[in-house]
2 protein chains.
Amino acid sequence: MGSNADCAIAIDLGGTRIKAGIVDRDARVVARHTIPTEAERGPDHVMQRIIAEARDLADEARRRSLNPMGVAVGAPGALSQSRGVILAPPNLPGWNNVPVAALVRERCGLPTILENDANAAALGEFWTGAGRGVDNLVLLTLGTGIGGGVVLGGRILRGFFETAGEVGHTIVIPDGRPCGCGQKGCLEAYASANSIVRIVSEQISAGTATVCAETLTAENGLTAEHVAEAAQAGDSVAMQAWDQACRLLAVSCVNVQHVLNPQVIVLGGGMSAAGAQLLEPVRRHFSELTWPKINDRPDIRLAALADDAGVVGAAMLVFSGEAT
Amino acid sequence: MGSNADCAIAIDLGGTRIKAGIVDRDARVVARHTIPTEAERGPDHVMQRIIAEARDLADEARRRSLNPMGVAVGAPGALSQSRGVILAPPNLPGWNNVPVAALVRERCGLPTILENDANAAALGEFWTGAGRGVDNLVLLTLGTGIGGGVVLGGRILRGFFETAGEVGHTIVIPDGRPCGCGQKGCLEAYASANSIVRIVSEQISAGTATVCAETLTAENGLTAEHVAEAAQAGDSVAMQAWDQACRLLAVSCVNVQHVLNPQVIVLGGGMSAAGAQLLEPVRRHFSELTWPKINDRPDIRLAALADDAGVVGAAMLVFSGEAT
């Protein structure tokens, strides 16, 4: 009795994993698959995997009496959202101008949209995560690199060149550390998980005593989690690297505050698993760095959706009619 | 025959001068008055002057068979646009929660809107100045301080706390020079006219040889124009201060590029009178600082409307129906 409920097929394409899900209109992920990207086998192979996932999930949705309204693919930049094309992302080697949206649309027979993964995650947090009930927010995804997404009045700020929201590549130390993007002194060069590890490793190479030295030479190497643990345990090299990351994150939060003036800034991505160890120093530095008098301070929060943000946000693009 | 053409009454309230004008729908300033603010006599006195100007210009408009649709007042922040209240601007001493829009509305009998002066100027440049024909722009007004305004899709970005666009108070050197706003290392602390003068003056105090030393002790004191002239003439202290300002302006342009991704960044305010001496080094530093590969570079331009930007932009708010 009655017609089938709507759902969206959402795909989050990462350098190592493809996460895919069926999302209903209440932002519930009613089914999810995670498969390895196998990026080393090149774009044709990965596109086959994406299309197979999308078709499988659309079939699964129909078996569950759900009506798939479209497919949304979140992917790392650089990409052109309006043309649905992945240009040349650093962690997807060999991808050059791949028309993702057109390929998925054609092979799945469903309206499709391609979006930057951090933008999709920002929309997910806005819709049903840390930003539920607010009008606008900025999300920073703190992982291997630092991604960013801006939601204003419920819509992603894409920018004239479709590369807005890249807070990770704002310059926090002019002529500072080199960043993978080719600039110097980017936030990402100090506060991403990779950069924190690199900074501690440099200290180890320079002979500074730190408990991280043992982990570095162990089988799986040093990670930002190890640095966080060592900082918690009072290791001074780890504490310094972690605190520098938090302070420069706070500088970027001040700059976002003054330019965009959002209600909420959300810290997400792998590093946000550190919880209070991340949030508290960022908030403390922020209070110390910002305007003492005018009360226009965004609430800085941890992300709420963890791994689901990208899938949920991508689904919202389908429900809001942006897939074509 | 036919009805009267519409016009707007626009007032630009500055710390030293009140500029007022009648603006027609083609963005022409068909009449203009400039009077001293007499800010030292306090807010009641200044409000009387603003109201008298607005009423005079409305009468003048009617005599010219124009129909004044409303009044727009551009004023320095901090202010609440939505409530029409000037909160506490640093260069209007004694102003605390002055309900400017309500007072003007009541005494002039016309719909009235209050807006941040840099926002109004950004809208002016967007409408008919350096940003004509573009979809979005960011304006930096380089004067005593550094103001900023952001126009996205033809609308001012006001922000959740109504203090968006304050690019002058983004931090470019963490823990750097103190800024009048209470923060450290703001763009304004290096690249405003006042800061450039202060930086050169410190060098003079420290005994560094510079031609600026003579001007500093002369009757009217040292100005940013003098520093620009001395830099042009090859004075190394002046060159260093000027170049540092241009480089940090370029850092802010990179940061605006990555966060907002506008089509155009406009440099306005008194310092933009330096023309190519400002624009060329900012562009050169920007090219050196930004992403080498992705072509999402905003066009950095000089403002086109000079002193009229605020009045013209304020008028646009009236024509777009924002005065109430």
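Predicted model: local features only at pLDDT ≥ 70, side-chain atom pairs only at ≥ 80, totals over all residues.
## Contact of the two chains

Chain A and chain B meet in a contact to which chain A brings 36 residues and chain B brings 36 residues. On the side of chain A that touches chain B, the most comes from helix α8 (residues 236-259) of chain A, which gives 6 residues. Sorted by class, that side of chain A holds 19 nonpolar residues, 13 polar residues and 4 charged residues.

## The open sheet of chain A

In chain A, 5 strands make up an open sheet. Their order is β3-β2-β1-β4-β7, and the pairing is mixed. The edges are taken by β3 (29-36) and β7 (112-116) of chain A; each has a single partner strand, so one side of each has no neighbour in the sheet. From one strand to the next, the twist averages 20 degrees.

Within this part of chain A, strand β1 (residues 5-13) and strand β2 (residues 17-24) pair in the antiparallel sense, with 7 bridges. A:Ile11 has A:Ala20 of β2(A) opposite. A helix also packs on the sheet: α2 (residues 100-108) of chain A touches β4 (66-75) and β7 of chain A. The direction of α2 makes about 150 degrees with that of β7(A).

## Strand β9 and its cover

For β9(A), both faces are covered. One side has A:Ile146, A:Gly148, A:Val150 and A:Leu152, the other has A:Gly147, A:Gly149 and A:Val151, and all of these are buried.

## The hairpins on either side of β9

Which strand forms a hairpin with β9(A) that has 3 residues between the strands? That strand is β8(A). Strand β8 (residues 136-142) of chain A pairs with β9(A) in the antiparallel sense over 7 bridges. In this pairing, A:Leu142 has A:Ile146 of β9(A) as its bridge partner.

β9(A) also runs antiparallel to strand β10 (residues 155-156) of chain A, to which 2 bridges join it. A:Leu152 has A:Arg155 of β10(A) as its bridge partner. The hairpin of β9(A) and β10(A) has 2 residues between the strands, and in it A:Gly153 takes a positive phi near 55 degrees.

Key
Residues numbered from 1 in each chain as written. Chains lettered and ligands numbered in written order. Contact = placed C-beta atoms within 7 Å. Helix = DSSP H or I, 4+ residues; strand = E, 2+ residues; numbered from the N terminus. Nonpolar A, V, L, I, M, F, W, Y, C, P; charged D, E, K, R; others polar. Pairing = 2+ DSSP bridges. Axes fitted to C-alpha atoms, helices over the stretch in contact; angles between N-to-C directions. Buried ≥ 20, exposed ≤ 12 C-beta atoms within 10 Å, placed from the backbone.
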